[in-house]
Amino acid sequence: VSAAIHVGGHIAHAVYVQTVTPEKNMTAVDILFTQKANMGWVAGTAYITGWPILGILIIMTICSLPFVRRGGHFEVFYWTHMLYVPFWIILIIHAEVFWYYLILPLIMFIIEKILGSRLIKKARYGDIFVTEVGLLPSGVCHLVISRPDNFRYRPGDYIFLQIPAIAKFEWHPFTISSAPEMKGHIWLHVRTAGHWTKQLYEYFSAIDPIQENPDKELKMRQRKSHARASWMPGKRQSQFKIKDKEELQAEKRIAQIMKKVHVKCHIDGPYGTATREIFETEHAVLVGAGIGVTPMASILQSIMYRYKESKRVCPNCKFSFYGVIPESVMKLKKVHFIWINRDQKSFEWFVGLLNKIEKEQIDVAFEEGKDLEKVIDITLYMTAAKAKTDIRGAGLQMALSIIHRRDKKDLITGLSTRTQAGRPNWNEIFSKISEERKGKVKVFFCGAPQLGQVVKKACMKFDFRFRKENF
């Protein structure tokens, strides 16, 4: 808009000179497209250089729009944005005083580029690889990345990831789903939601899960089959060869779910979000929608790590017990975790982690010898299911409730926590949380912006603080 006003002003001035001051013997075309006006500090080129500046700006603006960036044409966005180099050069020629304003931010920009270069990252972190990958339901990739010893982050932080084998120039941000206390590796959970993430899923789906040289493996198995055949007369060796090939293919299919890999990657970060306030909060409510659960997964793991670190052992009788965590480490008194998914498959992304958290809290109560109040309360919602109040889902929900009461286990997720059908009633949920009086309540949300607005309105009603992160 500013550029359009700027150009419009120059065009109006050129027309004014042509019509009001004919003694200057210059037309509007002469002024705007030649050096005849002799404006500018480099050979009177102010007007001429203005047009390529405007053209570059228009190209960069159009190629920055969502239909380009998210439509599978990220490299178009990337390479057109590299036009900032000629844009600055021409602008220095165009405006006599522009370099005064450019020099300080340009120095800062160059320093940032140097620090963010691959060479500096390699010197700082060394070589980094994706060492393991899990292909989860609903097109989610669980990436296990080798973690440098000097890589420090906090729960809920995110990094930019680049995998040269997929795209050499594309960096994409993903939340770290593992706890900072985990050593040796970091987790990322990437949902297929665009061109690059689709390529990521397809690339790791196609990688051989057995080893880097499957032909060598097959030959070794064939030699073993020859040896077996020599001890079993009447059996042809070709039968053993065919069997080994089939076995190898079967093993490959099984290993597709979770497999070892060795793929080079680059990371940039970490970068903080509002979730860094989590351990300064007394009563936290974590709301994750879909894959927005990733920062919550990191936080939940970190809470349990810190809680276990508070374990004390009596030097005399060796009795172990859980002490009080200092407020300098964690102020949290209570955590409510709410995870909303459309269908059952999505819960499989982190059901193992939630099961582990439930068991650890039970172990704490058992070691203490009394029924301790849980630090973390877990509530799951499946929006595709019909609630009891809906006659279409009443029978199914009653059956699930009976099974849960009998087996103390949810039939959908396998957790002791009962999965709720339908959408959450935020007024009802927040009313119960408010009655617990565990301290000031702060709600941390990660998910779709539309749901974030609904949660925010409910927070305002109960005077809860609200922090969000949209994906």
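Predicted model: local features only at pLDDT ≥ 70, side-chain atom pairs only at ≥ 80, totals over all residues.
Biologist: Why is T294 called buried?

Modeller: Buried means under 20% relative accessible area, and T294 has 5% relative accessibility, so T294 counts as buried. T294 lies in helix α12, residues 294-309, and among the residues it touches are T175, H189 and F350.

Biologist: What makes β4 and β5 the edges of the open sheet?

Modeller: The order of the 6 strands is β4-β3-β6-β1-β2-β5, with antiparallel pairing. Because β4 (172-175) and β5 (185-191) each have a single partner strand, one side of each is left without a neighbour in the sheet. Neighbouring strands of this sheet are turned against each other by 40° on average, direction ignored.

Biologist: Why is the pair of W88 and F109 called edge-to-face?

Modeller: Rings pair if their centres lie within 6.5 Å, and planes over 60 degrees apart count as edge-to-face; the ring centres of W88 and F109 are 5.6 Å apart and their planes stand at 85°, so this pair is edge-to-face. W88 lies in helix α6 and F109 in helix α7, so the pair ties together parts that are 21 residues apart in sequence.

Biologist: How do you know that the rings of F174 and W196 are stacked?

Modeller: Planes under 30 degrees apart count as stacked, and the planes of F174 and W196 are at 25° with ring centres 5.9 Å apart, so the pair is stacked. F174 belongs to strand β4 and W196 to helix α9; F174 counts as buried at 12% relative accessibility, and W196 counts as buried at 4%.

Notes: Residues numbered from 1 in each chain as written. Heavy atoms only, no water. Helix = DSSP H or I, 4+ residues; strand = E, 2+ residues; numbered from the N terminus. Buried < 20%, exposed > 50% of the residue type's maximum accessible area, 1.4 Å probe, protein only. Contact = heavy atoms within 4.5 Å. Pairing = 2+ DSSP bridges. Axes fitted to C-alpha atoms, helices over the stretch in contact; angles between N-to-C directions. Phe/Tyr/Trp six-rings, centres within 6.5 Å; stacked < 30°, edge-to-face > 60°. Lists of a residue's contacts leave out its neighbours within four places in sequence.
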